[in-house]
Amino acid sequence: MKKTYLYITAVALLGTTGCKKYLEQAPDQRAVLNTPEKVAELLVTAYPSANYFTFAEAMSDNAMDVSVTGVVDSRNADAYFWRDITSTAQDGPTYYWNACYSAIASANQALDICNKATNPQSYAGQKGEALVARAYAHFMLVTLFSKAYDPATAGQDPGIPYVTEPEKIVLKNYDRKTVAYVYDMIEKDLKEGIPLLNDKYAIPAYHFTRRAAHAFASRFYLWKRNYDKVIEEANLAFPTNDFATNVRPWLNYQGASVTVNDLQNFYTNATNPGNLLLAETVSNYCVYYYRYQYAMSQPRVIQLISPLGNRWDAMKVYSTSSTFYFVMKYLAYFKRSSINANTGVYYTMVPLLTTEETLLNRAEASLSKEMYDQALNDMNTLVKTRVANYNTTQHLITDARVMSYYGSRTTDKKEAYRLALLDIKRAEFVNEGMRWLDILRLKMPVTHTTSKGEVFDLAADDKRKLLQLPEEVTLSGVPLNPR
């Protein structure tokens, strides 16, 4: 397989932050990082500092052509029409690719220090975090830039370079290899890393704790279709099955006295029990996600947050006009370039892993194994925390209700349950990019329309579902994803 100069793009990204010689300086930095505490500080940068929500939401069936008065942005518009996004700015695929490999570089540098330490046991916790963080960044790359894992084709489908060593030269060749290889390496890092985690963090939500790591593993095994492992990992994340008391308690924040600012702060707060892993991203998604031309109208929002006909009171709908409606989730943080400057950078805090996803991963694994009672229990566990004045007569999801609600679309029980679970998941994660991940994993078709009545279809196996690799990698002769 051909090689790729992977860090051409990484150098470009780091250069924008004043670290043009980042890779050349790495050996000297390793000489200085000689304590577990210093390695822990380095690992703060082992998480992607970029956001994929902008293009993921626009590519999914959540988005629609809201209005010509919406904010026009190529990253939003190109994604909506499944065109290759050429912008290299924040909130685009290239920026996300760069941020993931930058995070991987930090993880590998930390691992190099841990492995060479004269007292390696003292670095066990840091090594565990580095391994799991490395696995996460690679997983997100293979998810967005390669085909979804399919046991029948994963051994032939092109993956993404899995980097396991720190950079010592500016340009280095890497094999893209296969999706199967990437998944094997992710699983290897997870199995080695999770037992080493020690959970000794001042603010756990910004790091891979054991709970967050098991939550990530439940996602990974769901993609790999190993449903027994999904259930096992979800149970390890919540060994006492206390999901209900650890979801994001939205109903507690819907009173009249709660302000918009309260909601924004709470959603991405590290004390929110449902936020298992948070990341600070360079992103203006917090400012524009509800104002893009391709976003959501009032009917679409209400539809999405009413799975199986149950209106989720926990999801409070806001609007900025008669056109733009949304669920309030993000707080904008603007960092000025200097004290008196009017220019600067927006940051969006985003949840990468949550209690809700872990619970619904287990539910999907159960229904895939035709354990329908267990799947219903998990779905109802979440629904009870999302509907005000919940009562079983009106709101309980039952086998009969599932089959009746989706009867016009399918007579297959497993498919009906899958549709119910996906609608619940879609409601919970609106504007969080999760719907696009499910579309990729389950090979679902998507149809987009315009305000002029034009119809655009994305087939289940459409090649445009794979994000295009950054153009720079072609300098080494690496073929881009087919179109």
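This is a predicted model: local features need pLDDT of at least 70, side-chain atom pairs count only at pLDDT 80 or more; totals for chains, interfaces and linings use all residues.
Reader: How do you know that the span of helix α18 agrees with its number of residues?

Author: Helix α18 covers residues 413–428, which is 16 residues. At 1.5 Å a residue they should span 22 Å, and the end C-alpha atoms are 23 Å apart, which agrees.

Reader: Why is α18 called largely enclosed by the rest of the structure?

Author: A residue is buried when its relative accessible area is under 20%. In α18, 12 of the 16 residues are buried, so the helix is described as largely enclosed. Among them are Tyr-417, Leu-421 and Arg-426. The buried residues pack against several helices, including α9 (210–224) and α14 (355–368).

Reader: Why is Thr-348 called buried?

Author: Thr-348, which lies in strand β9, has 1% relative accessibility and therefore counts as buried, the limit being under 20%. A polar atom of the Thr-348 side chain lies 3.3 Å from the backbone nitrogen of Cys-286. Thr-348 also touches other residues, including Asn-51 and Tyr-330.

Reader: How do you know that Cys-286 is in no disulfide?

Author: The structure holds zero disulfides. For Cys-286, the nearest cysteine sulfur, that of Cys-100, is 19 Å away, whereas a disulfide needs sulfur atoms within 2.5 Å.

Reader: Is Cys-286 buried or exposed?

Author: Cys-286 has 4% relative accessibility and therefore counts as buried.

Definitions and conventions: Residues are numbered from 1 along each chain as its sequence is written. Side-chain values use heavy atoms; hydrogens and water are left out. Helices (H or I, at least four residues) and strands (E, at least two) are DSSP runs, numbered from the N terminus. Buried means under 20% relative accessible area, exposed over 50%, partly exposed in between (1.4 Å probe, protein chains only). A polar contact is a pair of N or O atoms within 3.5 Å; within protein, one must be able to donate a hydrogen and the other to accept it, and residues adjacent in sequence count only if both atoms are side-chain atoms. Contact means heavy atoms within 4.5 Å. The expected span of a helix is 1.5 Å times one less than its number of residues. Lists of a residue's contacts leave out its neighbours within four places in sequence.
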